[in-house]
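Dear colleague,

Please find below the structure that I am handing over to you. My findings follow it, grouped by region.

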Amino acid sequence: MNTRKTNAKTNAWTSAWLTVLKRDLLLALRRRSDIATTLFFFVIVSSLFPLGIGPEAAVLSSIAPGVLWVAALLAGMISLSRLFAADFTDGTLEQMLLAPQPLAWLVTAKILAHWLVCGLPVVLLAPLIGLQYALPNEALLVLVYSLLLGTPALSLIGAIGAALTLGVRGSGLLVALLVLPLYIPALIFGAGAVAASQHGMSAQAHLSLLAACSLLSLVLAPLATAAALRISVE
Amino acid sequence: MLIAQDLACVRGDRLLFKRVGFELSAGGLLYVLGENGTGKSSLLRMLCGLLMPEQGEIFWQNKKIKENAENYLPNLTYIGHLNGLKDDLTALENLQISARLAGNDVTDKQTLAALSAIGIARCANLPARVLSQGQKRRVALAMLWLTQSQLWILDEPFAALDVAATEVLATRLGEHMANGGMTIITTHQDVAINARNTQTLRLNA
C-alpha cells in the first residue's frame, strides 16, 4: 500500500515535470526566432574578433578560449530575461506555484528547456567557430567538453538572476549585472581547460572543477530560483 | 473546511484590510464583495498561499496551509484575473497543460469535452493569440470541468463572459456545491448561484 502511494507520487512528479519541459520546448519550437537570436549573437560576436584582430593564427588561437567562452556566456545571458517573464505576465507562473509539486522541482524542467534551446546549440556550434581561431583538433574537442559541462551551470545560475529581476523595469541589464560575476568560476575553468590542452597539458582538472560547478548549481540554483519566484509573484 | 482567521493585508505601506475572517464548509459559497482596490484579489491570492498575510492564519482541514501545502494544493483550483494561457499554444494545448500541471492527467477527449461544455470547442485548435477576451476567459474557465479539487477560488469569473456562458458557469458552480464542493468568488455581476450555504464577505476601504 505504502509503495503504491510512493509510486503514484513519483508518477505525479514525473508527469508534472515532463509537462513543463514539453510545454517550454513546444513554445520554443513555435517561436524559433528566439532561438535564432541567441545563436546568431554567439556566431556574430565570436566572428567579430578574428575580423578585428587580423588573421594571425598565433594571436587568434591564444585568445580563442577566453573569447569563445565569453561569447557563450553573453549569448546564454541575452535569453535569460525571457526565462520567466512571459510566464509571469500571462499567469502560467501562478499555475506552477499552485501545482502540487514543489516549485524548485518544476523550475529544473524550465531550466533544462532553456539549456536545450539556448545552451546546447552553442555547444554544437562552438567547434565550427573554433576553426576561425585556428584551434587544433584536440583543443576543439576540449572546447566542446568544457562548454557541455559548463553551460548547464550558466543556465542554472542565470535562472536565479532571472527570477530575482522578474517584474522589474530594465530587467535585462539588471540580470547581466547580477549574473555575470557569478559566471566567473565557470569562465575561468572553461577557458582554462581549452588553454591547458593548447599547451599540451591535461584539461582534466579544469573539466572536473567545471563539472563540480554545474553539480553544485544543480543542487542550489533551483531552490534559490523557487524562493526568488515566490517573492516576485507576491 | 477552510477557515481564515484575523487576516490583514498590507500592499506597499497601505493597509488594505484587517480582521477579515470566515469559515467555509462543504457545499458553501462565499462571495467576496467590495469596491475596486479594496483588496479582493489580494485576499483570494492570500487564500491560495501566493501572498503571505501580514497577520492571521488560514487553515485547511484544521492545518495551516503554508505548512501543509502538499495536502492543500491538490484540493485547490484557482483562476485569477490572468487567464494563464500561452499565446502560441492552441486552446486545447493550453487547457491540457494547465490541467496536467494541476495534477489531473486528462486525455484529448476529456479536454475537448470541457471546452465544448463552456461552448468553445470550435476554437480548440486555434492559438490563444487569436481568441477574443471572452473566449480566452472561457478556455481558462473550462478547467472547472476537468478539476477534481474541492475548493475553487475564482477571481471575477464572469468578467468578459456573455449571457449564455455566464449561465453555463453558474450552473457548473451550482453542481460543484451540490457535490459538496466549496467556492470563493469575487464578482460585480448579479448572478444567481445555487448553494446550500451562501455567505457574503464585504471588504471596505
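How many bridges join β3(B) to strand β8 of chain B, and do these strands run parallel or antiparallel? Four bridges join β3(B) to β8 (residues 182-186), and the two strands run parallel. Please keep in mind throughout that this is a predicted model.

Strand β3 of chain B

On β8(B), Thr186 of chain B, B:Thr186, is the bridge partner of B:Val32. Strand β3(B) is also joined by six bridges to strand β9 (residues 197-202) of chain B, again in a parallel arrangement. Within that pairing, B:Tyr31 has B:Thr200 as its bridge partner. Strand β3(B) covers residues 28-33, and six of its six residues are buried, so the strand is largely enclosed by the rest of the structure. In a regular strand, side chains alternate between the two faces of the sheet. In β3(B) both faces are covered: B:Gly28, B:Leu30 and B:Val32 are buried on one side, and B:Leu29, B:Tyr31 and B:Leu33 are buried on the other.

The open sheet of chain B

Chain B also contains an open sheet of four strands, in the order β2-β1-β4-β5, with antiparallel pairing. Strands β2 (14-24) and β5 (63-64) of chain B are at the edges with a single partner strand each, so one side of each has no neighbour in the sheet. Strand β1 (residues 2-11) of chain B is joined to β4 (residues 55-60) of chain B by five bridges. In this pair, B:Gln5 stands opposite B:Glu57. Helix α1 (residues 40-48) of chain B packs on the sheet and touches β1, β2 and β4 of chain B. The direction of this helix makes about 125 degrees with that of β1(B).

Chain A

The average pLDDT of chain A is 91, and 99% of the residues score at least 70. Among the elements of this chain, helix α10 (residues 204-233) has the highest mean pLDDT (95), and helix α1 (residues 2-30) of chain A has the lowest (87).

Helix α9 (residues 184-198) of chain A has 15 residues, which should span 21 Å at 1.5 Å a residue; its end C-alpha atoms are 21 Å apart, which agrees. Its buried residues include A:Ala186, A:Gly190, A:Val194 and A:Ser197. Helices α3 (57-78), α7 (137-164) and α10 of chain A are among what covers the buried residues of α9(A). Just after α9(A), A:Gly200 takes a positive phi of about 75 degrees.

Salt bridges

Over all chains, 17 salt bridges are found. In one of them, the side chains of A:Asp87 and A:Lys110 meet at 2.7 Å, N to O. A:Asp87 lies in helix α4 (residues 82-90) and A:Lys110 in helix α6 (residues 103-132) of chain A, so the pair ties together parts that are 23 residues apart in sequence. Both A:Asp87 and A:Lys110 are buried.

The side chain of A:Asp87 also meets that of B:Lys86 in a salt bridge, at 2.4 Å, N to O. B:Lys86 lies in the loop between β6 (76-79) and α3 (91-101) of chain B and A:Asp87 in α4 of chain A, so this pair joins two chains. B:Lys86 is buried, as is A:Asp87.

In chain B, the side chains of B:Glu175 and B:Arg172 form a salt bridge of 2.9 Å, N to O. Both residues lie in helix α6 (residues 163-178) of chain B, three residues apart, about one turn of the helix. B:Glu175 counts as partly exposed at 38% relative accessibility, whereas B:Arg172 is buried, with a relative accessible area of 15%.

Yours sincerely

Definitions and conventions. Residues are numbered from 1 along each chain as its sequence is written. Chains are lettered from A and ligands numbered from 1 in the order in which they are written. This is a predicted model: local features need pLDDT of at least 70, side-chain atom pairs count only at pLDDT 80 or more; totals for chains, interfaces and linings use all residues. Side-chain values use heavy atoms; hydrogens and water are left out. Two strands pair if DSSP finds at least two bridges between them. Contact means heavy atoms within 4.5 Å. Axes are lines fitted to C-alpha atoms, for helices over the stretch in contact, and angles run from 0 to 180 degrees between N-to-C directions. pLDDT is the predictor's confidence in each residue, from 0 to 100. The expected span of a helix is 1.5 Å times one less than its number of residues. Buried means under 20% relative accessible area, exposed over 50%, partly exposed in between (1.4 Å probe, protein chains only). A salt bridge is a side-chain nitrogen of Lys or Arg within 4 Å of a carboxyl oxygen of Asp or Glu.
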